[in-house]
Amino acid sequence: MTARTSLPRRAAAEIIGTAALLVVVIGSGIKAAQLSSDTGVALIANSVASAIGLGLIITLLGPLSGAHLNPVVTLTSWWSRRTGGDGLSGREALVYTAAQIVGAIAGAVLAELMFDRVPGAFATQVRDGGNLLLGEVIATAGLVLVIQGLGRIGRPRLIPAAVAAYIAAAIWFTSSGSFANPAGTIGRSFSDSFTGIAPESLLGFVAAQLVGGIVGIALAGILYGSARTHRTVVVAAGTAPAKTEFETIG
């Protein structure tokens with residue numbers, strides 16, 4: 001249960017989980033590019049590996065920290081608490097976000113070392129243009145909606161599989177490739193590889209992701225009502241809100 005886990009242990013889970021996610025994303029991208037010169041084939045391999053890895057990481061670390069692995073998810077959790085639902089305090093959110101950024105950079109460095117590449121080289125793949133930023137808004141909004149929606153309808157145990165499936169799909173249907181994670185985006189700038197992003201593209205992508213988070217919360221409110229309303233309905237029905245290992249994820 002996340003509510004019973006100390007903040008240092010939760011922060012460690014976020015560092016390790018985010019690092020593992022970046023190892024999977026970057027490592028599978030490097031491996032795919034080595035094995036095939038066909039970009040489509042490489043993207044299939046990368047998206048499948050990323051989705052499977054993400055689902056496993058959330059399943060494993062969800063009971064400890066909620067397995068946010070993503071500052072946008074953490075901020076939506078903080079916002080849920082401010083509006084009357086379950087979630088993180090401001091201090092917890094800051095610790096989670098810092099842990100995720102540290103983990104993402106560490107994961108990128110580990111992936112580079114694992115493939116005998118010189119770590120520390122910044123990505124050179126520039127990703128800019130309004131269409132890509134729109135893709136990031138849509139990708140992040142959809143991710144937040146999946147997490148918030150499942151939480152508000154009382155099905156948080158579906159989150160690992162649902163998030164993994166969503167990311168696998170979003171890598172293909174968005175123009176940006178669905179980074180949808182500010183910490184992950186920062187980490188990927190430390191790898192000049194198939195999944196990298198040049199540092200000069202970071203600001204636009206991170207801003208688009210934050211906007212997407214706001215859009216996702218708004219959509220969840222329109223479709224399912226506010227976190228406060230959801231809690232009130234449950235209490236009025238005479239049942240206690242279910243506490244699960246993924247309670248803080250949104």
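So, at what angle do helix H5 and H8 pack, and how far apart are their axes? Helix H5, residues 130-152, packs against H8 at about 40°, and the axes are 6 Å apart. Axes here are lines fitted to C-alpha atoms, for helices over the stretch in contact, with angles running from 0 to 180 degrees between N-to-C directions. That makes H5 oblique to H8; under 35 degrees would be roughly parallel, over 145 roughly antiparallel, 65 to 115 roughly perpendicular, and oblique is the rest. The crossing is right-handed, meaning the near helix is turned clockwise from the far one by less than a right angle.

Quick housekeeping. This is a predicted model, so local features need pLDDT of at least 70 and side-chain atom pairs 80 or more, while totals for chains, interfaces and linings use all residues. Numbering starts from 1 along each chain as its sequence is written, and side-chain values use heavy atoms, with hydrogens and water left out.

Okay, the overall picture: 9 helices, 0 strands. Those are DSSP runs, H or I of at least four residues for helices and E of at least two for strands, numbered from the N terminus. Of the 250 residues, 51% count as buried. Buried is under 20% relative accessible area, exposed is over 50%, and partly exposed is in between, with a 1.4 Å probe and protein chains only.

Now the charges. How many salt bridges does the structure hold? There are 3, each a side-chain nitrogen of Lys or Arg within 4 Å of a carboxyl oxygen of Asp or Glu. Arg-10 and Glu-92 meet at 3.0 Å, N to O. Arg-10 sits in helix H1 (residues 7-35) and Glu-92 in helix H4 (residues 90-114), so this pair ties together parts 82 residues apart in sequence. Arg-10 is buried at 8%, and Glu-92 is buried too, at 14%.

Glu-92 also pairs with Arg-81, at 3.7 Å. Arg-81 is in helix H3, residues 71-82, and the two are 11 residues apart. Arg-81 is partly exposed, at 44%. Then Arg-117 bridges to Glu-112, with the closest N and O atoms 3.1 Å apart. Arg-117 is partly exposed at 28%, whereas Glu-112 is buried at 2%. Through shared partners, Arg-10, Arg-81 and Glu-92 join into one network.

Last stop, back on H8, residues 202-224, where we find Ile-222. Is Ile-222 buried or exposed? Exposed, with a relative accessible area of 68%.
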